Amino acid sequence: MSASASWFEIVDPVFGHYVLFNAPLKKLAEGFDWAEGPVWFGDQQCLLFSDIPNDRILRYGEDGLTTFRQPANFANGHTRDRQGRLITCEHGTRRVTRTEWDGTITVIADSYQGKRLNSPNDVVVSRDGAIWFTDPHYGIVSDYEGFKAEAELSCSVYRVDPDGTIQAVITDMACPNGLAFSPDESRLYVADTGRAFHADPQHILSFDMGTGRPTRGSIFHKIEPGCADGIRVDNEGNLWSSARDGVHCIAPDGHLMGKIFVPEVVSNLCFGGRAKHRLFITATTGLYSVVLNRRGAQWP
Ligand code: MG
């Protein structure tokens with residue numbers, strides 16, 4: 001078999017073991033304006049994701065595409081907490097919420113030091129049950145993905161303890177966006193999409209988590225072309241990042257392993273499926289998936 005199949009590119013030969021030559025990139029659904037925030041529900045064999053400008057959360061499963069929630073407060077990123085509950089970033093209400101098992105909504109965070117958050121973008125939950133989220137201003141710069149408003153806070157990364165205490169843990173990034181922990185939680189990766197408004201940055205930062213809080217941030221990888229939005233990690237610590245031309249796989253030492261080409265700008269991705277070996281990709285107007293010879297590490 002050739003390594004030049006149209007949907008991927010091998011940069012490091014090891015990446016050839018990550019892709020399956022006979023597993024195609026498939027378009028599962030279309031018709032969105034900016035698909036984002038995929039999260040896998042293995043217990044229900046379905047994926048939830050946002051279509052932000054159309055103010056809805058969609059559900060893709062064996063029975064096809066259905067609407068999970070609309071209106072959805074211009075929801076963006078999602079994850080699940082350690083009890084499996086849906087955690088959602090909302091632009092419209094400028095908050096992070098938890099959907100309880102009975103369907104009621106609990107507010108996790110909507111302000112910091114008496115000021116409203118900007119527009120929470122993406123979220124992860126660590127093993128200790130803390131909720132970590134990014135708060136750039138994309139949802140308040142126009143009325144397209146939320147409601148235009150003045151920012152009250154700088155763009156930061158926050159941690160919410162299980163007891164509800166909120167703390168700004170990264171305050172010196174331009175536009176923190178996607179975030180993910182390494183499998184052993186010794187590192188926190190955060191994508192900076194400041195490039196959308198400035199010449200730079202467009203990189204993914206790596207933070208040391210040895211103290212339990214992110215310190216000593218350094219540039220881990222610079223995405224080209226485009227910039228990293230959503231990111232996920234596989235169980236060997238490779239980072240899978242969104243990019244303008246698809247999904248890039250980056251080794252733990254920061255070098256590019258290979259690419260999966262997607263015909264639309266990719267916003268985010270997550271592992272799911274029977275063995276967490278299926279990569280779901282939200283990309284502008286479409287939802288795609290490809291089966292890999294890798295397994296996702298992220299919770300859930
Ligand atoms: Mg994002």
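Reply: Happy to. Let's start with Asn 121, which counts as buried at 3% relative accessibility (buried means under 20% relative accessible area, exposed over 50% and partly exposed in between, with a 1.4 Å probe and protein chains only). Asn 177 also counts as buried, at 3% relative accessibility. Before going on, please note that this is a predicted model, in which local features need pLDDT of at least 70 and side-chain atom pairs count only at pLDDT 80 or more, while totals for chains, interfaces and linings use all residues. Residues are numbered from 1 along each chain as its sequence is written, and side-chain values use heavy atoms, with hydrogens and water left out.

Asn 121 and Asn 177 each give OD1 to the magnesium ion, which is also coordinated by Glu 36 (OE) and Asp 229 (OD), at 2.2 to 2.8 Å. Donors here are N, O and S atoms within 2.8 Å of the metal (3.2 Å for Na, K and Ca); water is not among the atoms, so sites may look incomplete. Along the chain, the donors follow the spacing E-x84-N-x55-N-x51-D. Asn 121 lies in the loop between strand 12 (115-116) and strand 13 (123-125), and Asn 177 in strand 17 (residues 176-181), so the pair ties together parts that are 56 residues apart in sequence.

Now for the chain around this site. It has 0 helices and 27 strands (helices, H or I of at least four residues, and strands, E of at least two, are DSSP runs numbered from the N terminus). Its radius of gyration is 18 Å, close to the 19 Å that the globule rule gives for 300 residues, so the chain is as compact as a globular protein of that length (the radius is taken over C-alpha atoms, and the rule is 2.2 Å times the number of residues to the power 0.38). Of the 300 residues, 60% count as buried. Residues 24 or more positions apart account for 47% of the contacts with a separation of 6 or more, where contact means heavy atoms within 4.5 Å.

One of the sheets is open, with 4 strands in the order 3-4-5-6 and antiparallel pairing (two strands pair if DSSP finds at least two bridges between them). Strand 3 (35-41) and strand 6 (64-69) stand at its edges with a single partner strand each, so one side of each is left without a neighbour in the sheet. Inside the sheet, strand 4 (residues 46-51) and strand 5 (residues 56-61) pair in the antiparallel sense over 6 bridges, with Leu 47 opposite Tyr 60.

Strand 22 (residues 239-243) is worth a look too: 5 of its 5 residues are buried, so it is largely enclosed by the rest of the structure. Leu 239, Ser 241 and Ala 243 point one way, and Trp 240 and Ser 242 the other way. On one pairing, strand 21 (residues 231-233) joins strand 22 over 3 antiparallel bridges, and Val 233 stands opposite Leu 239. Their hairpin has 5 residues between the strands, and Gly 237 there takes a positive phi near 90°. Strand 22 is also joined to strand 23 by 5 antiparallel bridges, with Ser 242 opposite Val 247 and 2 residues between the strands of that hairpin.

Leaving aside neighbours within four places in sequence, Ile 281 is in contact with residues including Leu 25, Val 247, Leu 269 and Val 290.

His 277 counts as buried, at 16% relative accessibility. Not counting residues up to four places away in sequence, its contacts include Gly 272, Val 290, Leu 292 and Arg 294.
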